[in-house]
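Student: Could you take one part of this model and walk me through how that part sits in the rest? I'd like a close look, with the cut-offs spelled out.

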Amino acid sequence: MPEHALNGKAVLVTGGAKNLGGAISRDLAAAGASVAVHYHSRSDKGLAEDTVAACVAAGGNAFAIEADLTAVAEIRRVVDSVVDRYGALYATVNTAGLAKGAPMTEVTEEEYDAHFAINSKAAFFVMAETAKRIEDGGRIVNLVSSLLAAYTGRYSVYAGSKAPVEHFTRALSKELTGRRVSVNNLAPGPMDTSFFWDAAAPGEDEFSRAQTPLGRLTKVEDVVPWVRFLLTDGRWLNGQTVFLNGGFATR
Ligand SMILES: NC(=O)c1ccc[n+]([C@@H]2O[C@H](COP(=O)([O-])OP(=O)(O)OC[C@H]3O[C@@H](n4cnc5c(N)ncnc54)[C@H](OP(=O)(O)O)[C@@H]3O)[C@@H](O)[C@H]2O)c1
């Protein structure tokens, strides 16, 4: 793959300021992409600015944009801003998500609604609004979870609200027939970021390691190359979910 395979390609990374999304933004910029670094919480503005600076230092273009993606008008504003800024939209990598680890009996109505609002509704409309603006030959990648292949408690509302994304992905990939656009999901295993640690029960990391033949949690660095591959040579994968977890779960 040429080093600057994404030269000048406009890519939106939702949740693109930190953790997995931050690493994806930096990596795509290093491949020459023009990245829109979306972030959610106002308190992450500084982090987003650092990520933008790192993207530019790596050789790409970048700007930061704040939005709560549970409102469709905000998704439209974000997508429009990418096209306004870069003149096109080649790809969207949707890493936005929310996770609570708790038995179903302890999940509140507000928590249920919040999970479905970002994990399902926002994913649906990020995909739909991207599809309206994406260039022919473009790519859409959603981050889901290896829990979609696991048989476990405590993550009913998290995994349950990520599950519809597989169906959205199948549908959109068919609907974009003739446009040469690939739409796929990446499903990491339990991954060593604050997102995992905030949701995990005591000892869950040990359990996850024990369930993983390769003997550790997933790292951000295990996932990033797959995003770059899907945005470059990986166009033939379409409508699929790839489980990236060192053998934690298969389907
Ligand atoms: N870490 C894991 O164990 C793991 C495993 C498998 C899959 N994943 C998936 O990988 C993706 C990235 O996770 P990560 O570990 O890198 O954690 P992360 O940085 O916390 O990623 C989640 C992102 O979603 C954003 N977000 C949450 N609510 C939002 C809203 N209403 N509007 C817009 N953005 C919102 C968060 O912003 P704020 O923090 O500002 O709210 C954050 O930037 C997620 O989709 C997650 O489900 C994670």
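Tutor: Let's take helix H9, starting with what covers it. Contact here is heavy atoms within 4.5 Å, and buried is under 20% relative accessible area, with exposed over 50% and partly exposed in between (1.4 Å probe, protein chains only). Helices (H or I, at least four residues) and strands (E, at least two) are DSSP runs, numbered from the N terminus.

Bear in mind that this is a predicted model: local features need pLDDT of at least 70, side-chain atom pairs count only at pLDDT 80 or more, and totals for chains, interfaces and linings use all residues. Residues are numbered from 1 along each chain as its sequence is written, and side-chain values use heavy atoms, leaving out hydrogens and water.

Now H9 itself. As background, an α-helix has 3.6 residues a turn, so residues three or four places apart point the same way.

What about the strands around it? E1, E4, E5, E6 and E7 belong to an open sheet of seven, ordered E3-E2-E1-E4-E5-E6-E7 with parallel pairing; two strands pair if DSSP finds at least two bridges between them. At the edges are strand E3 (61–66) and E7, each pairing on one side only.

Then there's the core. The largest nonpolar core has 32 residues, and Leu231 is one of those with the most contacts inside it, along with others including Val11, Leu28 and Val93. Such a core is a set of buried Ala, Val, Leu, Ile, Met, Phe, Trp, Tyr and Cys residues joined through side-chain atoms within 4.5 Å. H9 gives the largest share of this core, six residues. Leu231 touches Leu6, Val11, Leu28, Tyr90, Ala91, Val93, Arg139 and Val141, leaving aside residues up to four places away in sequence. Another core, of 18 residues, lies apart from that one, and Ala149 and Tyr158 are among its members.
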